[in-house]
Amino acid sequence: MRDRARALLIDLDGVLRRFDPAPMIAVEVKYGLKPAALLETAMSWDIYRPAMAGEITDDEWMKLVADRLPLDEAASAAAVAEWQPGRLGEVDPAALEFVRGVRAAGRKVGLATNATDRLRADLDALGLTGEVDLVLSSWEMKVHKPAPEYFQQACQELGELPKHVLFVDDDDRVIRGARAAGLAGYRWTGPEHVAYLRKALDLPD
């Protein structure tokens, strides 16, 4: 039987933070870009990886995105600039309630996220800075999920062995990486399984 988890690592995007696609779509329509052009360009691995691995800043990343859009220089820069407010997103209240319940029961919660150097400002703007015990940012750690080194360092900072940490993320590949590193991994699809997650943390119903 697996040991009960004593601490929680939880992802930001897709779990604690969600995004309304409408603002991005509006920018793409305005500038005649194909659907999802902004996100697909930003997630191109050769520019996304250094942005989340602490090798380039968020501003530098967005400049690379603008350079790749099929628009003239001025229009590309304007499109990326107009997209920025929508990148903040909003807090998922059900996920935040779960985190608060975990902390209220005396369990540590770490925010485990692949992020850029704008993360801390985003957390402040979203009101999340004080809602977790520690922030484990790939940009600051210089290693990103699902690398085993990421999870090893995260558990060390939590002060728990991997077998005593529950990791919640919305990405199957990252979940598999966490499990390979010895953590209990669970894929977040919404709040319907919070009762199960609370049980995994040995919390009261």
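The buried residues of helix H9 (buried: under 20% relative accessible area with a 1.4 Å probe, protein chains only) pack against strand S1 (7-10), strand S4 (108-113), strand S5 (134-137), helix H8 (138-141), strand S6 (165-169) and H10, with contact meaning heavy atoms within 4.5 Å. Helices (H or I, at least four residues) and strands (E, at least two) are DSSP runs numbered from the N terminus. The model is a predicted one, where local features need pLDDT of at least 70, side-chain atom pairs count only at pLDDT 80 or more, and totals for chains, interfaces and linings use all residues. Residues are numbered from 1 along each chain as its sequence is written, and side-chain values use heavy atoms, leaving out hydrogens and water.

Back to H9, residues 148-158: Tyr 150, Phe 151, Ala 154, Cys 155 and Leu 158 are the buried ones. Seen down the axis, they fall within an arc of 125 degrees (taken from the directions from the helix axis to the C-beta atoms), so they line one face of H9. Next comes Gly 159, with a positive phi near 80 degrees.

In H1 (22-30), Met 24, Val 27 and Glu 28 are buried. Their arc is only 100 degrees around the axis, which puts them on the same side of H1. These buried residues pack against H2 and helix H5 (73-83). Val 29 and Lys 30, both exposed (over 50%), sit on the face of H1 turned away from the buried side. Gly 32, which follows H1, also has a positive phi, near 70 degrees.
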